[in-house]
Amino acid sequence: RIISPAKPSAILLMDRERRKKGMFKFLGAVPFIRRMMLAAMISLALFVLISLSSDIGEKAVDLFEMSGMTLLLNELFLLTAAGLGASFNALFKANRYIVNGTFDPKYETSYWIRFVLGILAGLLLATLVPIGEQLGKEIGEGAKAGHMGFEKPLLAMLGGFSANVVYQLFSRLIAGVASVVKGDVQEQTDAKIQSVKNQA
């Protein structure tokens, strides 16, 4: 009660980690934070290095019109952008628990699952949802012919940051397709009501 909202287990964990020696201790108070920080720095380094390629930017066209190394580099570029968004989200959320002393290591797996889901969601949002081109046309000249612009990496980062939003988006799309295949919900309800009346 004295240390609330901090938890004794979290404080003991951070105390044990503080007593240990290691060259990466400056990255975080607990091992998970250090590993996620490394994932974020690797994503950032790859994002910068891949963006130096001439295949990213002026020579970039629609992903579905690419092939070979150009396609691979552009896909990796979007993956690293999604990784940046996913690691940013994970670190931001975990930092609150570290500061409050309520971090629980048993939830570490869920953080990594959300990190991977964020990468997948960012890639799907940037490559399959045609929002990027329209966004670029509305904001500026980034979507001009033969230029990736900033909209696809931005969508990848946003998808990585909030995989839940992408999940809801695809769920809505699936529900819409299902309603077309199965028929209108109101029609189904009316048919069931009529069936009950007929039985009565």
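**Ser43 and its surroundings**

In this predicted model, a polar side-chain atom of Ser43 lies 2.9 Å from the backbone oxygen of Ala39. Local features need pLDDT of at least 70, side-chain atom pairs count only at pLDDT 80 or more, and totals for chains, interfaces and linings use all residues. Residues are numbered from 1 along each chain as its sequence is written, and side-chain values use heavy atoms, with hydrogens and water left out.

Student: Is Ser43 buried or exposed?

Tutor: Ser43 is found in helix α2, helices being DSSP runs (H or I, at least four residues) numbered from the N terminus. Buried means under 20% relative accessible area, exposed over 50%, and partly exposed in between, with a 1.4 Å probe and protein chains only. Because its relative accessibility is 9%, Ser43 counts as buried.

Student: Which residues does Ser43 touch, not counting residues up to four places away in sequence?

Tutor: Contact here means heavy atoms within 4.5 Å. What covers the buried residues of α2 includes α1 (8-19), α3, α4 (108-128) and α6. With residues up to four places away in sequence not counted, Ser43 touches Thr80, Gly83 and Leu84.

Student: At roughly what angle do the axes of α3 and α6 cross?

Tutor: Axes are lines fitted to C-alpha atoms, for helices over the stretch in contact, and angles run from 0 to 180 degrees between N-to-C directions. Leu84 in α3 is among the residues that meet α6. The axes of α3 (residues 68-100) and α6 (residues 151-161) come within 7 Å, and they cross at roughly 35°.

Note on methods. Helices (H or I, at least four residues) and strands (E, at least two) are DSSP runs, numbered from the N terminus. A polar contact is a pair of N or O atoms within 3.5 Å; within protein, one must be able to donate a hydrogen and the other to accept it, and residues adjacent in sequence count only if both atoms are side-chain atoms.
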